[in-house]
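Subject: Structure handed over, with notes

Dear colleague,

Please find below the structure I said I would pass on to you. My notes on it follow, and I would be glad if you read them with the structure open beside you.

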Amino acid sequence: MPSENMSLQMVTVSNNIALIQPGFSLMNFDGQVFFFGQKGWPKRSCPTGVFHLDVKHNHVKLKPTIFSKDSCYLPPLRYPATCTFKGNLESEKHQYIIHGGKTPNNELSDKIYVMSIVCKNNKRVTFRCTEKDFVGDVPEARYGHSINVVYSRGKSMGVLFGGRSYMPSTHRTTEKWNSVADCLPHVFLVDFEFGCATSYILPELQDGLSFHVSIAKNDTIYILGGHSLANNIRPANLYRIRVDLPLGSPAVNCTVLPGGISVSSAILTQTNKDEFVIVGGYQLENQKRMICNIISLEDNKIEIREMETPDWTPDIKHSKIWFGSNMGNGTVFLGIPGDNKQVVSEAFYFYTLKCAEDDTNEEQTTFTNSQTSTEDPGDSTPFEDSEEFCFSAEANSFDGDDEFDTYNEDDEEDESETGYWITCCPTCDVDINTWVPFYSTELNKPAMIYCSHGDGHWVHAQCMDLAERTLIHLSAGSNKYYCNEHVEIARALHTPQRVLPLKKPPMKSLRKKGSGKILTPAKKSFLRRLFD
């Protein structure tokens with residue numbers, strides 16, 4: 001049962017707190033917490049972009065992790081949909097499904113990744129990440145959506161719903177290049193075993209809701225709350241979606257239930273087998289929802305009721321935005337903006353909120369998942385539920401050496417020097433205030449390419465007069481590129497000097513007179529030196 005007196009505790013992040021921004025995810029592998037979706041591309045200190053979130057005595061450290069050699073590349077996706085999944089093999093007992101999200105270039109992903117642990121000891125965890133290819137009704141790239149796994153008749157299926165995506169290219173203009181729209185209210189069934197996806201249109205689902213709460217149990221998913229961008233409303237809807245998986249085609253049906261609540265970007269944590277707690281979120285565009293609710297699932301019924309709220313701190317009460325998600329075992333991770341009035345202030349402050357005792361069954365997260373969201377002040381309009389991310393973790397830590405593989409913040413590059421808004425050449429006219437998209441691959445920042453001259457430097461593709469086809473070709477390959485200023489220098493360095501061929505004596509001069517036999521290699525060498 002949820003605790004009558006929920007405990008709120010502030011936590012500190014000791015290293016590289018700048019990586020923890022709205023949009024990241026936490027994943028829980030057997031009680032160990034892992035951070036995914038850093039702000040910016042991974043650096044050399046942690047090329048995988050995945051960290052062990054080591055929490056001890058309300059103190060957090062980020063420790064880099066590694067991927068196996070047979071893993072695919074996993075970009076640092078922010079606001080993806082994630083859920084746990086049980087495979088048939090022992091090595092697939094605990095996996096995470098990751099779909100969608102934004103890259104640091106503000107592009108949306110339509111890929112599905114599967115993450116699992118292949119090696120673990122008390123100091124280091126090695127992950128394997130594989131990309132799944134699908135055919136059929138493949139869901140479009142999106143964020144702010146949910147993905148869950150249902151189990152029916154001994155089979156499993158992924159269920160994807162909601163989210164936002166960029167407007168179709170035919171409707172995008174320079175002024176509205178980054179405009180997003182609700183995805184169509186279709187329900188996608190994703191078969192992870194056979195690699196196919198099927199779209200279903202259910203008449204009960206009229207709006208493409210984003211930043212909703214989703215709970216999956218057995219063959220049923222409950223969709224609660226959410227935000228409709230088209231109507232700018234948070235309908236108090238509650239949907240129950242059931243998926244039957246017989247030998248033939250799956251059967252999907254939806255029922256509208258009473259008793260829903262109006263909320264978006266809420267955080268869901270599980271307190272026991274059949275009970276959950278909803279924390280946070282927004283009830284209006286510029287008003288946080290400070291009420292907490294208990295959700296009970298028993299006998300295929302759902303009940304939602306209010307519960308006693310935590311003792312919120314003044315900072316939390318007065319902050320305009322907040323974000324966070326489930327850490328497992330009835331614990332929620334919360335973040336609020338720092339105090340800008342202070343001379344030295346962190347970007348965000350973080351708290352943990354315990355809603356239950358620590359003896360929660362670890363199997364509970366296997367069949368459940370929630371989708372939560374938050375603001376991203378850098379990418380969205382004020383107070384809009386614009387971004388999504390998921391957490392599912394327990395605040396335990398390794399027992400190894402505290403100094404092992406800690407993240408080195410000094411290795412991060414200074415974005416003021418290496419960012420997009422630089423003067424890359426004498427004729428560069430790319431300015432943050434006047435720049436407009438030039439290539440179809442650009443969104444809110446100009447395309448750049450790396451010149452390999454000397455220590456290397458970034459240049460704008462537009463300033464180098466690169467055709468879009470050439471830009472895509474160079475970006476996809478591993479060939480070196482040299483900008484207009486350095487291409488002649490590079491050619492001179494890479495063009496070998498002309499060397500006259502060595503004169504070799506004829507073979508007959510190396511033969512012993514009168515014998516016709518070839519001399520030994522040692523005698524050949526001696527005779528060559530003699531002739532020279």
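Thr48 lies in the loop between strand 3 (32-36) and strand 4 (50-56), where strands (E, at least two residues) are DSSP runs numbered from the N terminus. Thr48 is buried, because its relative accessible area is 13% and buried means under 20% relative accessible area, with a 1.4 Å probe and protein chains only. Its side chain reaches the backbone oxygen of Thr65 at 3.0 Å. Apart from neighbours within four places in sequence, Thr48 is in contact with Pro42, Thr65, Ile66, Phe67 and Leu74, contact being heavy atoms within 4.5 Å.

A word on how to read this: the model is predicted, with local features needing pLDDT of at least 70 and side-chain atom pairs counting only at pLDDT 80 or more, while totals for chains, interfaces and linings use all residues. Residues are numbered from 1 along each chain as its sequence is written, and side-chain values use heavy atoms, with hydrogens and water left out.

Next comes an open sheet of 4 strands in the order 17-18-19-20, paired antiparallel; two strands pair if DSSP finds at least two bridges between them. Strand 17 (213-217) and strand 20 (251-256) are the edge strands, each pairing on one side only. Strand 17 is joined to strand 18 (residues 220-224) by 5 bridges, and Lys217 has Thr220 in strand 18 as its bridge partner.

Strand 28 (residues 331-337) is mostly covered, with 6 of its 7 residues buried. With strand 27 (residues 323-328) it pairs in the antiparallel sense over 5 bridges, and Phe323 stands opposite Gly335 of strand 28. The hairpin of strand 27 and strand 28 has 2 residues between the strands, and in it Asn329 takes a positive phi near 55 degrees. Strand 28 also pairs with strand 29 (residues 348-354), again antiparallel, over 7 bridges, Pro337 having Phe348 in strand 29 as its bridge partner.

Finally, on confidence: the chain has a mean pLDDT (the predictor's confidence in each residue, from 0 to 100) of 79, and 76% of its residues reach 70 or more. Over residues 360-407 the pLDDT stays under 50, although the model has 214 contacts beyond four places in sequence for this stretch. Residues 409-418 also have pLDDT below 50, with 10 contacts in the model beyond near neighbours in sequence. Where pLDDT is low, the predicted coordinates should not be read in detail.

With best wishes

Conventions:
Buried < 20%, exposed > 50% of the residue type's maximum accessible area, 1.4 Å probe, protein only. Polar contact = N/O pair within 3.5 Å; in protein donor to acceptor, adjacent residues only side chain to side chain.
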